[in-house]
Amino acid sequence: MPPARFVTDASLEFLARRLIFLGYDVAVVRGARLEELFEAARAGDRTVLTMSRRRPRAFADVAAITVARDDPAAALRALAAAHEPAGPPFSRCAECDAPLQRRHPMEARGEVPGRVLRGARALSYCATCGKWYWAGTHVARLRAWLEQALGRPVG
Ligand SMILES: [Zn+2]
């Protein structure tokens with residue numbers, strides 16, 4: 001099964017970010033109309049994630065999954081059970097979906113708090129948007145949310 005590639009809009013951003021943290025490739029096109037979302041899916045060979053049950057007739061060939069927003073944990077569990085991630089957990093940027101690079105803490109000097117640099121052996125860096133990631137309380141909380149949703153440990 002090839003890794004899943006999704007595209008969605010800001011209405012499902014909460015779910016999209018958690019899928020990205022889990023290692024899924026999820027492009028978020030903010031402010032896109034439904035037709036634009038299907039256009040992006042066709043152009044990028046992606047599956048649409050949407051809350052809408054409407055399927056624009058011109059895009060009958062484009063794969064789409066309807067997701068309920070009221071239970072993101074159930075949506076995540078269902079998607080994860082049926083689709084392969086593009087990489088391991090915490091390997092993609094939640095801001096822009098780009099794969100993260102491992103970097104030495106020295107390279108983050110001036111951009112990341114000193115207490116983080118002193119405690120870190122390696123950091124993750126997004127070369128597309130310039131965001132740094134490190135294992136902190138935020139990641140611990142996210143991991144706990146993901147493990148609760150999936151009912152299994154997240155690597
Ligand atoms: Zn980024």
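I call a residue buried if 20 or more other C-beta atoms lie within 10 Å of its own, exposed if 12 or fewer, and partly exposed in between, with C-beta atoms placed from the backbone. I take helices (H or I, at least four residues) and strands (E, at least two) as DSSP runs, numbered from the N terminus. The model is predicted, and local features need pLDDT of at least 70, side-chain atom pairs count only at pLDDT 80 or more, and totals for chains, interfaces and linings use all residues. Residues are numbered from 1 along each chain as its sequence is written.

Entry on α2. I looked up helix α2 (residues 34-44) and found Leu-37, Phe-38 and Ala-41 buried. They cover an arc of only 95 degrees around the axis (taken from the directions from the helix axis to the C-beta atoms), which puts them on the same side of α2. On the face turned away from that buried side I noted the exposed residues Glu-35 and Ala-43. The buried residues pack against β1 (5-8) and β3 (47-50); I count a contact if two C-beta atoms, placed from the backbone, lie within 7 Å. Asp-45 follows α2 and has a positive phi, near 55 degrees.

Entry on α1 and α3. The axes of α1 (residues 13-21) and α3 (residues 72-82) come within 10 Å and cross at roughly 45 degrees. Axes are lines fitted to C-alpha atoms, for helices over the stretch in contact, and angles run from 0 to 180 degrees between N-to-C directions. I noted Phe-14, Leu-15, Arg-18 and Leu-19 of α1 in contact with Pro-72, Ala-75, Leu-76 and Leu-79 of α3.
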